[in-house]
Number of protein chains: 2
Amino acid sequence: MRVYNFSAGPSMLPLEVLQSAQRDMLDYNNSGMSVTEMSHRSSYYDEIHTECKALLRELLSINDKYEILLLQGGASSQFEAVPLNLLKKGRADYIVSGNFSNKAYKEAIKYGDIRLAGSSKDANFTFIPKNCEIRDDIDYLHICHNNTIFGTRYTELPKCNCPIVCDMSSSILSQEINVDDYGVIYAGAQKNLAPAGLTLVIVRRDLITNGMDICPTMMKWITQSQTESLYNTPPAFAIYMAMLNLRHIKKNGGIKSMQAYNEEKAGLLYNYIDNSDFYSNHVNVPDRSMMNVPFVTPNTDLDKKFVKLAAEAGFVSLKGHRLAGGMRASIYNSMPREGIVSLIEFMKSFESENK
Amino acid sequence: MRVYNFSAGPSMLPLEVLQSAQRDMLDYNNSGMSVTEMSHRSSYYDEIHTECKALLRELLSINDKYEILLLQGGASSQFEAVPLNLLKKGRADYIVSGNFSNKAYKEAIKYGDIRLAGSSKDANFTFIPKNCEIRDDIDYLHICHNNTIFGTRYTELPKCNCPIVCDMSSSILSQEINVDDYGVIYAGAQKNLAPAGLTLVIVRRDLITNGMDICPTMMKWITQSQTESLYNTPPAFAIYMAMLNLRHIKKNGGIKSMQAYNEEKAGLLYNYIDNSDFYSNHVNVPDRSMMNVPFVTPNTDLDKKFVKLAAEAGFVSLKGHRLAGGMRASIYNSMPREGIVSLIEFMKSFESENK
């Protein structure tokens, strides 16, 4: 029996995608081999690689000013690749709205004059910092669009005169975005795109240069952009799974439909929490994430009991991150509406038994 | 119908491994989810991660002086990670025996006093350089154990007073090795271990330090060694496939049996080529690879025809690398003996029709 997996990532994939992968596992498309065995220089793989990039371009309306890179190493590698590729004047500003943007900031300060333009750390990241003063003469501003651990997200971009670099690991493909608002978008794949092991970078072509002298060849975007992300062997199976998932999104109406579905799902859960005097969510309401919903019961003992009983009932990985405590329901694209409805039913019965 | 896939990598995996992955694709071990969807902090994944490392330790007889790292980025990332982690005196020697060791050398020269201690480039890498003079006061000597493109391999290690760093991408798990002979062994997974997207590093613990100041956090072995290779989300599915493959190797007698099987397979093919006056292999005989067998027909037109007809007959990816020309049969662990026997039958009939 499949469970409802509320993990913050890696997380659920559409059943249809898993079924395709299962069907193809011994023989992809009459090639006589699995995608896991396929030369990355073969025509079979070339079609997968090309279709994956084309679907990303189509679904996210990425125009020709932008390059799409399919990399390894996770968003954590981009925390360093970003300054190593972009610092020319040697200055950048960072807004710290959660744990991962803080990590990105801490990596960047090794490489230049990096300023903290805003932070909500003192409030345990329960809101998105607003009205930050961004310096004029800098290479870029870095933000994190959705904060997986604390359950916040940007709904309006900061004003600045430089390219915005945005970590979209936990919100990519979940809502419509205007790519032209950004200089660089990067995302680990393991929430809304594919299994872990693939990192997506969407970068405006004019920002792709040789970068800092100390930037390793393998971290240079130019290395991968000049070779169509085939400088060395790509994570082919994860790219194939991404292609299957993107096909699934397209078939189901594209990002616009995903957004409507995600708004409905998150709305159901927040609405239930807000109308409960047992559960609560501590995030500044306008900054609430559509992907990660943290909540607590009246005390930490009940939180623990909740997580345990929920798992036994088939609602798994609901334990909150240790930095936030309580529970967290990560409800990415592939969490079905029925998963939310069933979780709310469970929450109701837990409340009535423990109030 | 499954084909005989002679690709240099990614390449064949055991049918049994693919069947297990297929069976588990919707629900791994009654977890209610696929390994592709699983939190890397879950107990289910922890068991996979731990078993994969334990099997590597057991099968390769890796003692406690060595750390096993499961990374991303391919051997190409290690071309830079090696000098960035190991250079302290700032000096290292490289022996260039093929295309990839040449790439490793070219990346390293950015970081210190790097000397070319030997090269077979002038002979298009048809032999392994011997009797190289290795400097005494250096941080390490770098070699590549098996040269995928040119079909050579080391059978005796160079003498030196420093740690040997060895790229074993295309020979790891194919023959018995004495890990204690090395300071560092690294390997992309996509030939003998797992699908692409996983990189194995076996490193002597005393060589794990903070490395050069400019070494990015994500390239530091110490980062991953302190976190059991869970600093950020690992390539979980590739690690799971590695575990399945290692179980398969263990069940079939371990590395000793793999070596005997590989010696037999390579012996059949080399023996046939050597006794033919139609096909030939240009590699210095004592340096011949057991994994990659390059060969040619009497002319390049026949080479092209061979590759085409072979593919139609179910022997795919036999085209040689553009740097070597002709054909190349990559016959890693998972290429069955029947694949070699059938290929030889095809070669015989091609010869009789085209002589």
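In which loop of chain B does B:P10 lie?

A: In this predicted model, B:P10 lies in the loop of chain B between β1 (4–5) and α1 (15–24). The peptide bond leading from B:G9 into B:P10 is cis, and its omega is near -5°. Chain A has a cis bond from A:G9 to A:P10, with omega near -5°, and A:P10 is placed in the loop between β1 (4–5) and α1 of chain A. As background, most peptide bonds are trans, and most residues other than glycine have a negative phi.

A:N30, although not a glycine, has a positive phi of about 60°. A:N30 is located in the loop between α1 and α2 of chain A. Because 9 other C-beta atoms lie within 10 Å, A:N30 is exposed. A:S229, a residue other than glycine, likewise has a positive phi, near 60°. The loop that holds A:S229 runs between α5 (221–225) and α6 of chain A. A:S229 counts as buried because it has 22 C-beta neighbours inside 10 Å.

The helices that follow these two loops, α2 and α6, can be taken together in chain A. Helix α2 (residues 43–59) of chain A packs against helix α6 (residues 236–251) of chain A at an angle of about 45°, and the axes are 9 Å apart. The angle therefore makes α2(A) oblique to α6(A). The crossing of α2(A) and α6(A) is left-handed. On the side of α2(A), the contact is made by A:Y45, A:I48, A:H49, A:E51, A:C52, A:L55, A:L56 and A:L59. They meet residues of α6(A) that include A:A236, A:I239, A:Y240, A:A242, A:M243 and A:L246. By class, the residues of this contact of α2(A) with α6(A) are 13 nonpolar, 1 polar and 3 charged.

A:I239 deserves a separate remark. With neighbours within four places in sequence left aside, A:I239 is in contact with A:I48, A:H49 and A:C52, and also with A:L70, A:L198 and A:P234. The largest nonpolar core has 212 residues, and A:I239 is among those that touch the most other members.

In chain B, the axes of helix α2 (residues 43–59) and helix α6 (residues 236–251) come within 9 Å and cross at roughly 45°. That angle makes α2(B) oblique to α6(B), and their crossing is left-handed. Among the residues that make the contact are B:Y45, B:I48, B:H49 and B:C52 of α2(B), together with B:I239, B:Y240, B:A242 and B:M243 of α6(B). The contact of α2(B) with α6(B) divides into 13 nonpolar, 1 polar and 3 charged residues.

Helix α6 of chain A also has a part in the contact between the chains. That contact takes 52 residues from chain A and 52 residues from chain B. Within chain A, α1 (15–24), α3 (74–86) and α6 each supply at least two residues of the side that touches chain B. This side of chain A comprises 23 nonpolar, 24 polar and 5 charged residues.

B:L157 is partly exposed because 15 other C-beta atoms lie within 10 Å. For B:C162, there are 19 other C-beta atoms within 10 Å, so this residue is partly exposed. Residues up to four places away in sequence not being counted, B:L157 touches B:I164 and B:D181. On that basis, B:C162 touches B:I138, B:D139, B:Y140 and B:L141. The C-alpha atoms of B:C162 and B:S77 are separated by 22 Å, the two residues being 85 residues apart along the chain.

B:F350 is placed in helix α9 (residues 337–354) of chain B. It counts as partly exposed because it has 19 C-beta neighbours inside 10 Å. Neighbours within four places in sequence aside, B:F350 is in contact with B:F306 and B:L309. Between B:F350 and B:K53 there are 45 Å in space, C-alpha to C-alpha, and the two are 297 residues apart in sequence.

Key: Residues numbered from 1 in each chain as written. Chains lettered and ligands numbered in written order. Predicted model: local features only at pLDDT ≥ 70, side-chain atom pairs only at ≥ 80, totals over all residues. Axes fitted to C-alpha atoms, helices over the stretch in contact; angles between N-to-C directions. Helix = DSSP H or I, 4+ residues; strand = E, 2+ residues; numbered from the N terminus. Parallel < 35°, antiparallel > 145°, perpendicular 65-115°, else oblique. Left-handed = near helix turned anticlockwise from the far one by under 90°. Contact = placed C-beta atoms within 7 Å. Nonpolar A, V, L, I, M, F, W, Y, C, P; charged D, E, K, R; others polar. Core = buried A, V, L, I, M, F, W, Y, C linked by C-beta atoms within 7 Å. Buried ≥ 20, exposed ≤ 12 C-beta atoms within 10 Å, placed from the backbone.
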